[in-house]
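Colleague: I should like to learn how to read a structural model of this kind. May we go through some of its features together?

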Amino acid sequence: MADTSGRSKRQRLEDSAAQLFWSKGFAATSIADLARQADVPIGNVYYYFKSKTEMAEAVAEMFVQGSQAALDDIETRFPAASSNPNGVARKRIEGFFDMLEKSHMSRAKAGCPIARSVSDFAEAAPKAARKASEALIMLTAFLGRELMRAGHPNGMVAAQQSIALWQGAIVLAHGTSDPQILMRLCADQREVLLRAVHHEMN
């Protein structure tokens, strides 16, 4: 059952939907499951959401907002500096991989919630699937932009490859129940990218 302290019923339903869609899957999660997890009477659920599809759209929006907030935090911690733009970009790249690292254990255990949503929502809630995919696009664009600012000659391509490797590593780590795979591959990718921009700067 969800922790109900300090959160509205709608917030609890959104949080519960995000968790259950991730752990059980969209199709396998019932309205009753959501009501029970959120500690909301089942008759009240439809007051906040007309359908499970609307919940999927809310969850997808949560992913986009959460990703944007995480990227904004990196930019805030490493503000732009005209005197050393390359150095700031390098710090933001490191901050980006630090952000990914914080989610390694949960993703190795249950897979990527964003990627699962894109896949699970595609047929029943295509609008939600498209919205969830924006989070992956946003992450890729951020990394690509900072790589280019740091002097990487093919920053956007390198970012696409990194996000693809991250997602593949999640699948492999989850499928084999071995989080070390995800940790190692992401650490290697961080080193490869930082070495590449260091080489370009010199």
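Colleague: What is the mean pLDDT of the protein chain?

Modeller: This is a predicted model. Where pLDDT is low, the predicted coordinates should not be read in detail. Here the chain has a mean pLDDT of 93, and 95% of its residues reach 70 or more.

Colleague: Which elements have the lowest and the highest mean pLDDT?

Modeller: Helix 10 (residues 179-201) has the lowest, at 90, and helix 8 the highest, at 98. Over residues 1-6, pLDDT stays under 50; for these residues the model has 12 contacts beyond four places in sequence.

Colleague: How do the axes of helix 8 and helix 9 cross?

Modeller: Two packed helices are described by the angle between their axes and the distance between the axes. In this model, the axes of helix 8 (residues 126-149) and helix 9 (residues 155-176) come within 8 Å and cross at roughly 135°. The two helices are therefore oblique to each other, and their crossing is right-handed.

Colleague: Which residues of helix 8 and helix 9 meet?

Modeller: Among them are Leu136, Leu139 and Leu143 in helix 8, and Ala159, Ile163 and Trp166 in helix 9. The residues of this contact divide into 11 nonpolar, 6 polar and 1 charged.

Colleague: Where is the place of Asp98, and why is Asp98 called partly exposed?

Modeller: Asp98 lies in helix 5 (residues 85-102). Asp98 is called partly exposed because its relative accessible area is 34%, between the cut-offs of 20% and 50%. The C-alpha atoms of Asp98 and Gly66 are separated by 16 Å, with the two residues 32 apart along the chain.

Notes: Residues are numbered from 1 along each chain as its sequence is written. This is a predicted model: local features need pLDDT of at least 70, side-chain atom pairs count only at pLDDT 80 or more; totals for chains, interfaces and linings use all residues. Side-chain values use heavy atoms; hydrogens and water are left out. Axes are lines fitted to C-alpha atoms, for helices over the stretch in contact, and angles run from 0 to 180 degrees between N-to-C directions. Helices (H or I, at least four residues) and strands (E, at least two) are DSSP runs, numbered from the N terminus. Angles under 35 degrees count as roughly parallel, over 145 as roughly antiparallel, 65 to 115 as roughly perpendicular and the rest as oblique. A crossing is left-handed if the near helix is turned anticlockwise from the far one by less than a right angle, and right-handed if clockwise. Contact means heavy atoms within 4.5 Å. Ala, Val, Leu, Ile, Met, Phe, Trp, Tyr, Cys and Pro count as nonpolar, Asp, Glu, Lys and Arg as charged, and the others, Gly among them, as polar. pLDDT is the predictor's confidence in each residue, from 0 to 100. Buried means under 20% relative accessible area, exposed over 50%, partly exposed in between (1.4 Å probe, protein chains only).
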